[in-house]
Every structure is written in structure tokens, then in C-alpha cells.
Amino acid sequence: MPIRSSLRLAALGITLLAPITLCAQETNPLHTASRQELDVIKVLLVQEAAWNRGDLPAFASGYKDSPDTLFVTHQISRGYAGLLDQYKRDYPNRAVMGTLTFSELEVHTLDENFAVCIGKYHLDRAKKDGGNAGGIFSLIFEKTDTGWKIIIDHTT
């Protein structure tokens with residue numbers, strides 16, 4: 001793993017260990033990230049790096065290759081192939097893709113095989129290529145034989 005990626009993963013791990021407010025009744029505001037939470041975040045870091053290389057197939061590998069995978073944005077895409085087609089239509093070249101940054105990642109494990117991740121994304125790109133863009137997302141992950149994969153993506 002390149003040093004920059006390792007440092008980013010370490011920084012994210014430290015961020016997850018920082019005090020967070022879970023709810024008003026929480027007596028212990030400290031949270032130690034579990035292996036499961038870190039593995040989910042690693043998927044997003046790999047996706048971010050792939051996007052910033054302009055590699056849509058590598059980015060899409062974070063999703064489960066299944067006809068049941070859902071991608072909800074300005075339309076609903078069903079299945080892995082539909083999701084990849086939508087990304088290729090919406091981001092036809094490297095300039096339009098811009099530079100992706102994920103932030104405020106928060107992972108909630110549901111059980112040993114499912115987790116939810118919410119966060120923010122930001123695309124930095126030239127005005128002629130669509131200008132900067134950003135929003136929030138919620139992702140449902142499933143632990144598969146090939147690792148954690150996104151099965152539902154709702155991005156605004």
C-alpha cells in the first residue's frame with residue numbers, strides 16, 4: 001500500500017477513535033473503531049483512489065456484482081451493470097470525474113455481515129467540466145466472499 005494511502009487510512013482510524021456524540025443518553029463519547037468498521041472504510045478509500053486515477057471499473061468494484069445492487073441518485077439503477085453504465089454516462093472522461101474526496105464517514109454495523117455507512121463526498125473540477133459538486137450518501141454494505149461490497153447506494 002503506498003505511504004499516502006497508509007497515512008490516510010491511519011488518519012481515518014484516528015478520526016474514528018476521536019470523541020463523537022452518538023446520542024444524548026450516551027455516557028461514553030469515545031468510540032474505538034472495530035475491524036469491521038475499518039474494513040468498510042477501506043473500501044471507500046480504495047474507491048476514492050480509483051476514481052482519482054480515472055478508473056471507473058476499479059471504483060465500481062466496491063459494489064457487489066449482482067442484479068440486486070441498487071444505486072439511487074437522480075434515477076434508480078438496478079444491478080451492477082446498470083450502475084456502471086450510469087457512472088460511464090454521467091462521467092464520460094477524466095476531467096468530468098474531477099477529484100473525489102470522501103469525508104465525515106460514519107459506519108454503523110448491523111451484524112457480522114451487514115453495515116451502513118453515511119458520509120459526504122466532494123468533487124473538485126473545473127467549471128467547464130461541470131464545476132464542483134458534493135452531497136451526502138448512505139451505503140449499505142454486505143460482507144461477501146470477496147470482502148465488503150456496497151449493495152445499496154443512495155447518493156444526493
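Which residues is Gln86 in contact with, leaving aside its neighbours within four places in sequence? In this predicted model, local features need pLDDT of at least 70 and side-chain atom pairs count only at pLDDT 80 or more, while totals for chains, interfaces and linings use all residues. Residues are numbered from 1 along each chain as its sequence is written, and side-chain values use heavy atoms, with hydrogens and water left out.

With those neighbours set aside, Gln86 is in contact (heavy atoms within 4.5 Å) with Phe71, Thr73, His74, Gln75 and Ser77. Gln86 lies in helix H4, residues 79-90. Helices (H or I, at least four residues) are DSSP runs, numbered from the N terminus. Gln86 counts as buried because its relative accessibility is 1%. Buried means under 20% relative accessible area, with a 1.4 Å probe and protein chains only.

Phe71 also takes part in aromatic pairing. Rings of Phe, Tyr and Trp (its six-membered ring) pair if their centres lie within 6.5 Å; planes under 30 degrees apart count as stacked, over 60 as edge-to-face and the rest as tilted. By this rule there are 10 aromatic pairs. Trp51 and Phe59 form an edge-to-face pair, with 5.0 Å centre to centre and 70° between the planes. Both Trp51 and Phe59 are buried. Tyr63 and Phe71 form an edge-to-face pair, at 6.3 Å centre to centre and 75° between the planes. Tyr63 has 3% relative accessibility and therefore counts as buried. Phe71 counts as buried because its relative accessibility is 3%.

Terms used:
Buried < 20%, exposed > 50% of the residue type's maximum accessible area, 1.4 Å probe, protein only. Helix = DSSP H or I, 4+ residues; strand = E, 2+ residues; numbered from the N terminus.
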